[in-house]
Amino acid sequence: MPDERQRRRSIYLLPNAFTTANLFAGFYAVVQSMNQHFEIAAIAIFLAMVFDSMDGRVARLTNTQSVFGEQYDSLADMLSFGMAPALVMYQWSLQGLGRWGWLAAFIYVVGAALRLARFNANIGKVDKQYFQGLPSPAAAALVAGFIWLSVDNKLSMADGLVPWAALAMTIYAGVAMVSNAPFFSGKSFALGRSVPFWVMLLLVAVFVFVSSDPPVVLFALFVLYSLSGWVVLLWRVRRARRLGQRMRAEAEAEDHP
C-alpha cells in the first residue's frame with residue numbers, strides 16, 4: 001500500500017512529456033492565430049490531439065499512471081481543446097460578428113470546461129466504451145478542421161456565409177460537449193494487443209486516404225464522428241421504446257389470459 005500511494009503521488013517523465021507537448025501545441029496555436037497564420041494554428045491543434053492521445057496510453061503501457069498526470073492532462077486539455085480553438089476561431093472569423101462572435105466562442109469554452117469537469121467527476125462511474133457528450137479533442141478538431149478546410153480552399157469571408165457557418169459550428173461543438181449523447185471512445189483498442197493482418201492493411205489505407213487531402217478528409221471524418229453520438233442515442237431511445245412496448249404487451253397478456 002505505501003508503494004502504491006507513493007506511485008500515485010509520483011511525477012513520471014514520459015507520459016507528462018506528451019502532456020507538455022499537447023500544452024505547447026495549444027499555446028502555439030493561439031500564438032499563430034495572433035500572427036494571422038490560421039492554417040498553422042489549426043494544424044497545431046491537430047498535433048495537440050495526437051500528443052493527447054499518446055500520454056494516457058503511454059502511462060498505461062509503462063504502468064506510470066498518477067493523480068498528478070491526470071490533473072495535468074485535464075489542465076492541458078482545457079487550453080489546447082477549450083481556449084485555443086475558441087480563440088483561433090474568434091481571431092479568424094467570429095470577431096467580425098460583434099457580440100455574437102465572442103458569445104459563440106464563450107459558449108464553446110464553457111462547454112469544454114463543463115465537459116472536462118464532468119469527465120473528471122465521472123471517472124470509473126460511466127461506460128468506458130462510450131463518452132458522455134462529444135469529447136473535447138473531437139470538438140476542437142471540428143472547429144480547427146473547419147478553419148483548415150476554409151483557409152486551404154481560400155473560401156471568401158466577404159459574402160458573410162463563412163463567418164455565420166463558423167458561428168454555427170462553434171456553438172454546435174460547445175453544446176455537443178455537454179450533451180448526453182454517447183460517442184464511441186475507442187478505449188477498447190489496446191496498443192499491446194495483437195491484431196489480424198487486415199487491420200494493418202486498413203490502417204495503411206486510412207493513412208493514404210487522409211494524406212490525399214488532409215483538410216477535407218479530417219474535417220469530414222470528425223463531422224461524421226460528431227454526428228455518430230446522436231445516431232447511437234436515437235437507436236437507444238428506439239430500442240428502449242420497443243422494449244417498453246413489448247413489456248407492456250406481455251403484462252397485458254398475463255392480466256388477460
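**Reading nonpolar and aromatic features**

Reply: Happy to! Keep in mind that this is a predicted model.

Me: Is I107 buried, exposed or partly exposed, and why?

Reply: I107 has a relative accessible area of 36%, so it is partly exposed. The cut-offs behind that are under 20% for buried and over 50% for exposed, with partly exposed in between.

Me: Which residues form the nonpolar patch on the surface?

Reply: The patch is made up of W100, W102, L103, F106, I107, V110, L114, W164, V175 and V178, and together they have about 950 Å² of accessible area. Two elements, α5 (99-121) and α7 (161-177), each give two or more residues to the patch. The largest share, seven residues, comes from α5.

Me: And what about the inside?

Reply: The general idea is that in soluble globular proteins, nonpolar side chains tend to be buried together. Here the largest nonpolar core has 49 residues, and the members that touch the most others are F46, M89, W92, L94, Y108, F146 and I147. Elements giving two or more residues to this core include α2 (13-34), α3 (38-61), α4 (67-92) and α9 (214-255). Its largest share, 11 residues, comes from α6.

Me: Which residues does Y108 touch?

Reply: Leaving aside residues up to four places away in sequence, Y108 touches F81, G82, P85, A86, S136, A139, A140, V143, T170, A173, G174 and M177.

Me: How do I read aromatic pairs?

Reply: A pair of aromatic rings is described by the distance of the centres and the angle of the planes. In this model the count comes to nine aromatic pairs. Take F24 and Y28: their ring centres are 5.9 Å apart and the planes are at 25 degrees, so this pair is stacked. Both residues lie in helix α2, four residues apart, about one turn of the helix. F24 is exposed at 53% relative accessibility, while Y28 is partly exposed at 33%.

Me: Why is the pair of F183 and Y225 called tilted?

Reply: Their ring centres are 5.7 Å apart and their planes are at 50 degrees, so the pair is tilted; planes under 30 degrees apart would count as stacked and over 60 as edge-to-face. F183 lies in strand β2 (residues 182-184) and Y225 in helix α9, so the pair ties together parts that are 42 residues apart in sequence. F183 is buried, with 0% relative accessible area, whereas Y225 is partly exposed at 21%.

Me: Which residues form one aromatic cluster?

Reply: That cluster is formed by F46, W148 and F222.

Definitions and conventions: Residues are numbered from 1 along each chain as its sequence is written. This is a predicted model: local features need pLDDT of at least 70, side-chain atom pairs count only at pLDDT 80 or more; totals for chains, interfaces and linings use all residues. Side-chain values use heavy atoms; hydrogens and water are left out. Patches are made of residues with over 30% relative accessible area and no salt bridge: like charges are joined within 9 Å, nonpolar side chains (Val, Leu, Ile, Met, Phe, Trp, Tyr) within 5 Å. Accessible areas come from the Shrake-Rupley method with a 1.4 Å probe; for residues, only the protein chains shown count as cover. A salt bridge is a side-chain nitrogen of Lys or Arg within 4 Å of a carboxyl oxygen of Asp or Glu. Buried means under 20% relative accessible area, exposed over 50%, partly exposed in between (1.4 Å probe, protein chains only). A nonpolar core is a set of buried Ala, Val, Leu, Ile, Met, Phe, Trp, Tyr and Cys residues joined through side-chain atoms within 4.5 Å. Contact means heavy atoms within 4.5 Å. Rings of Phe, Tyr and Trp (its six-membered ring) pair if their centres lie within 6.5 Å; planes under 30 degrees apart count as stacked, over 60 as edge-to-face and the rest as tilted.
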